[in-house]
Amino acid sequence: MANKKYMEAKIKMEQEKAYEKKRKMLRLFSLAALMFTVILLLFMLSNWAGIFNTDIEDYEIKVSGYNCVSAGLSGDYTSMDTGRFGNIAVFNYHAEAYITKLATLSAAVMFVVIVHLLVNLFGLITNKQGVFNIVSIAFALAETALFIACYAVALSINDSGILTTYCNDNPACSVQSHAILPVLFAILSFAAPILAMIYSKKITPPQEPQQEVPKSGKRK
Amino acid sequence: MKKLLVALLLLCVCVTAFACGGKDVVLTEETFFYGMLTIQMYPDEYVGKKISFDCFTYRLTDTDGNEYLCGVRKCSAGYGCKCGKDSIIGFILEYDGEIPEPKNQSVDTNDKTWIHVEGKLATADVTELEIFAYDENGQIDTSWREYVVFCTFAVSSLSRIEDASGLAYYVTK
């Protein structure tokens, strides 16, 4: 009897150990999802839209994602402060409709990424991956859509007429964007919450050993 | 974790704080070209703001023979452009006192009449001037016309710069 109890306790302990190990693994997925959102925020420092001149192999004017967010939040598209706004004033002068759209989308995507980051953070702190994974997938979807929109709008500046008015139709000049990088990364970032969701379904907490019900004696 | 949350909040505050800008405009060596370009594009935004900068004096004559005394720097034809086409960027100066006469105007040298000026845009209206271009030898070519756009600057104070060694007559982005 004592041996049976010992075996049961040992099995239970091993099950708990295995469960905890799997939970730790699940937390790694959450941590990865968190890291993905941080990296997405960092990607917004990259060149969001710029006029690249192949003759000089450099950008003549450019704006980063954060420059667009600054303009989108403040409504200031005419500032000469290149640190905050990049060359947004030039874009606004030659392609106003396009750059305001890009700035609005950039502000929206940054807001979504920050909320997503907080969701991932709370998921990690509270260790309740189930709900947070579904929310995280929804945010990843929204981010991907918004980043794709940013990239598309940035490239559409090619059709705004800026290459004629600003670059005198110099064939060496074209509008380019690195916003494709967060698009690819946002698609990749889907993997973490999806894998976490699949993995979490496989994890079940160790079951309590069933109590032996004493056999009731038949009444005579 | 609290630290992470605080860092995130700070990030949001920083981005929002970027919206707040000063009123006075000081054009430095780094900001001269883009600052001038921005003022020319959006003069309405800068009328009434105190602006200060260093420049050299330049007497601009349009194709009708009208003369304008300006404070300028030499620059490439477009911001960020290194296409070899040069131009000048600056203001037509309005001043009650005496504006020093230009020196070595058409020569590529830093030995110019340098001044430091403070003042405001007189008006948001820009003046487009038709001018004769300089040829490769630095001579005026009357067969080649160019257009330059200038704002008019009401100078409130002007001082001569004796040592212009730290100032570039040719500015890029």
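## Helix α9 of chain A

Let's start on the outside: A:I198, A:K201 and A:K202 are exposed and sit on the face of α9(A) turned away from its buried side. Here a residue is buried if 20 or more other C-beta atoms lie within 10 Å of its own, exposed if 12 or fewer, and partly exposed in between, with C-beta atoms placed from the backbone. The buried residues of α9(A) are A:A192, A:P193, A:A196 and A:S200. They cover an arc of only 90° around the axis, so they lie on the same side of α9(A); the arc is that of the directions from the helix axis to the C-beta atoms.

How far apart are the end C-alpha atoms of helix α9 (residues 191-202) of chain A? They are 17 Å apart, which agrees with the 16 Å that its 12 residues should span at 1.5 Å a residue. That expected span is 1.5 Å times one less than the number of residues.

## About the model

This is a predicted model: local features need pLDDT of at least 70, side-chain atom pairs count only at pLDDT 80 or more, and totals for chains, interfaces and linings use all residues. Residues are numbered from 1 along each chain as its sequence is written, while chains are lettered from A and ligands numbered from 1 in the order in which they are written.

As for pLDDT, the predictor's confidence in each residue from 0 to 100, chain A has a mean of 86, and 91% of its residues reach 70 or more.

## Chain A as a whole

Chain A has nine helices and three strands, in the order α-β-β-α-α-α-α-α-α-β-α-α from the N terminus on. Helices (H or I, at least four residues) and strands (E, at least two) are DSSP runs, numbered from the N terminus. The radius of gyration of chain A, taken over C-alpha atoms, is 27 Å, well over the 17 Å that the globule rule gives for 220 residues, so chain A is more spread out than a compact globule. That rule is 2.2 Å times the number of residues to the power 0.38. Along the principal axes, the C-alpha atoms of chain A fill a box of roughly 105 × 30 × 25 Å.

Of the 220 residues of chain A, 42% count as buried. Helix α2 (residues 65-74) of chain A is mostly covered, with nine of its 10 residues buried, including A:Y66, A:C68 and A:V69. Just after α2(A) comes A:G75, with a positive phi of about 75°.

## The core

A nonpolar core is a set of buried Ala, Val, Leu, Ile, Met, Phe, Trp, Tyr and Cys residues joined through C-beta atoms within 7 Å. The largest one has 88 residues, and A:L102, A:C150, A:A154 and B:F33 touch the most other members. Helix α5 (residues 96-126) of chain A gives this core its largest share, 11 residues.

## Chain B

Chain B has three helices and seven strands, and 26% of its 173 residues are buried. Two residues are in contact if their C-beta atoms, placed from the backbone, lie within 7 Å. Leaving aside neighbours within four places in sequence, the contacts of B:F33 include B:C75, B:Y79 and B:I89.

Is B:Y42 buried or partly exposed? B:Y42 counts as partly exposed because it has 18 C-beta neighbours inside 10 Å. Not counting residues up to four places away in sequence, B:Y42 touches A:T78 and A:A89.
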